[in-house]
Each structure stands twice: as structure tokens, then as C-alpha cells.
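Try each task before reading its solution.

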Amino acid sequence: MKKAIITVLKVIEFFFAVYVITPVIWLISLFLRYMWKRVRVNGLQNRKKAFLMAKNEGRGIVLVMNHLSFWVEPFLAPAIFFCPRLFFPPFKHYPWSTPDKKNFTKWWLFFMQGMRLIHIPRNENGTISSVLKTLGTIVCVKCQHLSIFPEGGRTVTRSKGRLIEKDGFVMGKFSKGLLLAIEEGMKNEGAKVPIIVPALIEGTDKILPYGQKFPDFSKGKMTMTIGKPFVPDMESVSIKMIQDAVFDLRTAHLNKIAA
């Protein structure tokens, strides 16, 4: 009886997130884009191509992004990319995400539990392998979608030894966890390598600087550039190649191609 109640509550929670919270976030993103002109999105044709590939090839999508702020891009970017498709049907298109276990299990964030979260236990080596297997099953076997920030935290919180600079833009070194999860998932029969969609986020560090609690869009603009989707060759792909795909979206030439 207790398990049945918990299951019902989780279903209610999921639909609350899909049809109440996410639409609000999506509407906010639309207002910021079209009314206030504080959000710019490049490469929408690449989003369309990714979903077409997912439909035709029966694959999941992994949206890979850099992480500049605490609240802004983790909420707005997935809503921009997956809405309105995730409403029809939500169990197929609603993305999973991988927040830090320590910061995102607080009671006041209970509403997010319906948002398909896989909590990443930092510094808990005994449990991380099971998390990677779960992620692999989600994206490779169930072919569901994932929204992930492989830096493992905001760029500004990374140590100097974990920072990479390219063309004047700084990013934390991507963790190998994503590829390890895919490798785990591919051990299952019938598994498929997911579609990787690189996306570069710019400007959110000015909107919500480290240490500030609430975003202020009057101080800057968020730019999201969606790159070309691709299915990685697991024999030759590296996490550096995926991070370079995100980095390269900042160059003027590729920006014009994506725009």
C-alpha cells in the first residue's frame, strides 16, 4: 500500500513539473526572448534536426552545455530546447538532469523531484558507478533525453587546474562521467548510442554572478547557441572532443552557421 501511494505521488509530482512548472519557465524564456530581448537563441535548425534524428533512428538526445550560473541556464536552456515537444508525450521527451546530490535534495526544492533528477553523489565513489549505470540505461536503452553540464559545477567554482581557456572563453574541464555512462549503457542488448547536441551558454554569469541569489536580466543577456547534433563513434570519441564541440560554437564563423 505504501509503495502504491509513493508511486501515485511521484506520478502527480511528474505531471505537476511537466504541466505547471515547466510551462511557466518556458513562458518566461519566451518573454525574455521576444518581449524583453534579453535571451538570444542561435541554431534552432539544429534542435529540429536533433529531434528528427531521434525520431527516425530511435535514439535519445543528450544536450551538453557549459555551466556559468546557479539558476539561469539549468532552468531556461532545457525549456528552450525541449519545449513544446516535451508536452506530447512527456514520458518520452521530458529530459533527465544530473544535479549535485548535496544541493538539490533540500525540502524547499521538492517540486523539482518531478523533473527526472538523477542526483550525482560527489566524493562518494561507492555509489557513483550505480548512478552511471542508471544514466546509461536511461539514454542508451530507454532512449530518453538528458540535459547535462559536464563541468560538474559552475565554471567559477572550478579550481585553476580544472579550467580550460580557448579563444578567450573559460570553461571547467568536462568530466568523463558522461562517456562512462554511455559505455555502461551500451553493454545492454539493443542499446543505442545517444545523439549528442553541444550547446554554448554565454552571459548568464553577468545575469547571476557567483554569490548572488536572484538573477538580474538588466545586467546582461543570455545567448544559447545550439550546435549540430551527432552520434559519436564510441571507439574514437573523447570527452575533449565533445567539449571542443561546445567551445567551437563561440567562434564567429560557426556562430553564423548556427544562427
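**Exercise 1. An aromatic pair**

Is Trp-71 buried, partly exposed or exposed, and what is its relative accessible area? Then characterise its pairing with Phe-70.

*Solution.* Keep in mind that this is a predicted model.

Step 1: Trp-71 has a relative accessible area of 22%. Buried would require a value under 20% and exposed one over 50%, so Trp-71 is partly exposed.

Step 2: Phe-70 has a relative accessible area of 25% and is partly exposed as well.

Step 3: A search of the whole structure gives 14 aromatic pairs. One of them joins Phe-70 and Trp-71, with 4.9 Å centre to centre and 70° between the planes, an edge-to-face arrangement.

**Exercise 2. A pair across the sequence**

Classify the geometry of Phe-169 and Phe-247, and find which elements the pair ties together.

*Solution.* Step 1: The ring centres of Phe-169 and Phe-247 are 6.5 Å apart and the planes stand at 90°, so this pair is edge-to-face.

Step 1: Phe-169 belongs to strand 6 (residues 169-172) and Phe-247 to helix 8 (residues 239-247), so the contact ties together parts 78 residues apart in sequence.

Step 2: Both Phe-169 and Phe-247 are buried.

**Exercise 3. A salt-bridge network**

*Solution.* Step 1: The structure holds six salt bridges.

Step 1: Check the accessibility of Lys-166: at 27%, it counts as partly exposed.

Step 2: Lys-240 is exposed, with a relative accessible area of 55%.

Step 3: Through shared partners, salt bridges join Lys-166, Lys-240, Asp-244 and Asp-248 into one network.

**Exercise 4. An enclosed strand**

Why is strand 7 (residues 195-202) largely enclosed by the rest of the structure, and which strands pair with it?

*Solution.* Step 1: Eight of the eight residues of strand 7 are buried, so the strand is largely enclosed by the rest of the structure.

Step 1: Look at the two faces. Ile-195, Val-197, Ala-199 and Ile-201 point one way, while Ile-196, Pro-198, Leu-200 and Glu-202 point the other way.

Step 2: Find the neighbours. Strand 2 (residues 61-65) pairs with strand 7 in the parallel sense over five bridges, and Met-65 has Ala-199 as its bridge partner. Strand 8 (residues 222-226) runs antiparallel to strand 7, joined by four bridges, with Met-224 opposite Ile-201.

**Exercise 5. Confidence**

Where in the protein chain is confidence lowest, and where is it highest?

*Solution.* Step 1: For the whole protein chain, the mean pLDDT is 89, and 89% of the residues reach 70 or more.

Step 1: Confidence is lowest in helix 9 (residues 252-258), with a mean of 51, and highest in strand 2, at 98.

Step 2: Where pLDDT is low, predicted coordinates should not be read in detail.

Technical notes. Residues numbered from 1 in each chain as written. Predicted model: local features only at pLDDT ≥ 70, side-chain atom pairs only at ≥ 80, totals over all residues. Heavy atoms only, no water. Buried < 20%, exposed > 50% of the residue type's maximum accessible area, 1.4 Å probe, protein only. Helix = DSSP H or I, 4+ residues; strand = E, 2+ residues; numbered from the N terminus. Pairing = 2+ DSSP bridges. pLDDT = per-residue confidence, 0-100. Phe/Tyr/Trp six-rings, centres within 6.5 Å; stacked < 30°, edge-to-face > 60°. Salt bridge = Lys/Arg side-chain N within 4 Å of Asp/Glu carboxyl O.
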